[in-house]
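Please keep the sequence and the coordinates side by side while reading.

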Amino acid sequence: MNLRPELVPPPVSRQRLDETAREIDRTENDVWRLLRGDTLVGTITVDDPDFPWLVGRFAAEPAFEEVRPWFDEVLAVLAADDLDRFDAVYGPIEEALTLVSPKGPVSEFLLYIEGDEARFRY
């Protein structure tokens, strides 16, 4: 696979939690919220703040079922190494969802959800 590195989260590893991650205040067990408008889609409890990617347990709310196909399609595009389609399939996630950190909404994010695991950067 020849995916662009910024699109692919690295394997989960705790050894990379360094001063840079601490400086931007990413800590384990932070709970992030995924919203669609005012509706809670799910929460992410960060287990591994492996800078620049954060990895955590995703707890889906009923509203997640409406957007699950978006995340499934993104994963399929990545698995197929079909980066020409990435922006088009990721677009609905960017347009319709908001990722909220413990300190407030983030302006941009890249989020993958597979089962009960979420990987993201912002």
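What covers the buried residues of H2? In this predicted model, the cover includes the strands E1, E2, E3 and E6 together with the helix H3. The buried residues of H2 are Phe64, Val67, Trp70, Phe71, Val74, Val77 and Leu78, and they lie on the same side of the helix because they span an arc of only 135 degrees around its axis. An α-helix has 3.6 residues a turn, so residues three or four places apart point the same way. In its overall dimensions, H2 comprises 16 residues and reaches 22 Å from its first C-alpha to its last, which is close to the 22 Å expected at 1.5 Å a residue. Just after the helix, Asp81 adopts a positive phi of about 55 degrees.

The setting of this helix is a protein with three helices and seven strands, whose elements, read from the N terminus, follow the order α-β-β-β-α-α-β-β-β-β. Of the 122 residues, 44% are buried, and the accessible surface comes to about 6,900 Å², with 48% of that area belonging to carbon and sulfur atoms.

In soluble globular proteins, nonpolar side chains tend to be buried together. Here the largest nonpolar core has 31 residues, and those with the most contacts inside it are Leu34, Phe71, Phe86, Leu97 and Leu111. At least two residues of this core come from each of the strands E1 (31-36), E2 (39-48), E3 (54-60), E6 (110-114) and E7 (117-121), and likewise from each of the helices H2 (64-79) and H3 (86-96). H2 supplies the largest share, seven residues.

For the protein as a whole, among contacts with a separation of 6 or more, 57% are between residues 24 or more positions apart.

E2 and E3 are connected by a hairpin of five residues and pair in the antiparallel sense over six bridges, with Ile44 having Phe58 in E3 as its bridge partner.

Conventions. Residues numbered from 1 in each chain as written. Predicted model: local features only at pLDDT ≥ 70, side-chain atom pairs only at ≥ 80, totals over all residues. Heavy atoms only, no water. Core = buried A, V, L, I, M, F, W, Y, C linked by side-chain atoms within 4.5 Å. Buried < 20%, exposed > 50% of the residue type's maximum accessible area, 1.4 Å probe, protein only. Helix = DSSP H or I, 4+ residues; strand = E, 2+ residues; numbered from the N terminus. Expected span 1.5 Å × (residues − 1). Arc of directions from axis to C-beta. Contact = heavy atoms within 4.5 Å. Pairing = 2+ DSSP bridges. Areas by Shrake-Rupley, 256 points an atom, 1.4 Å probe, with all protein chains shown as cover.
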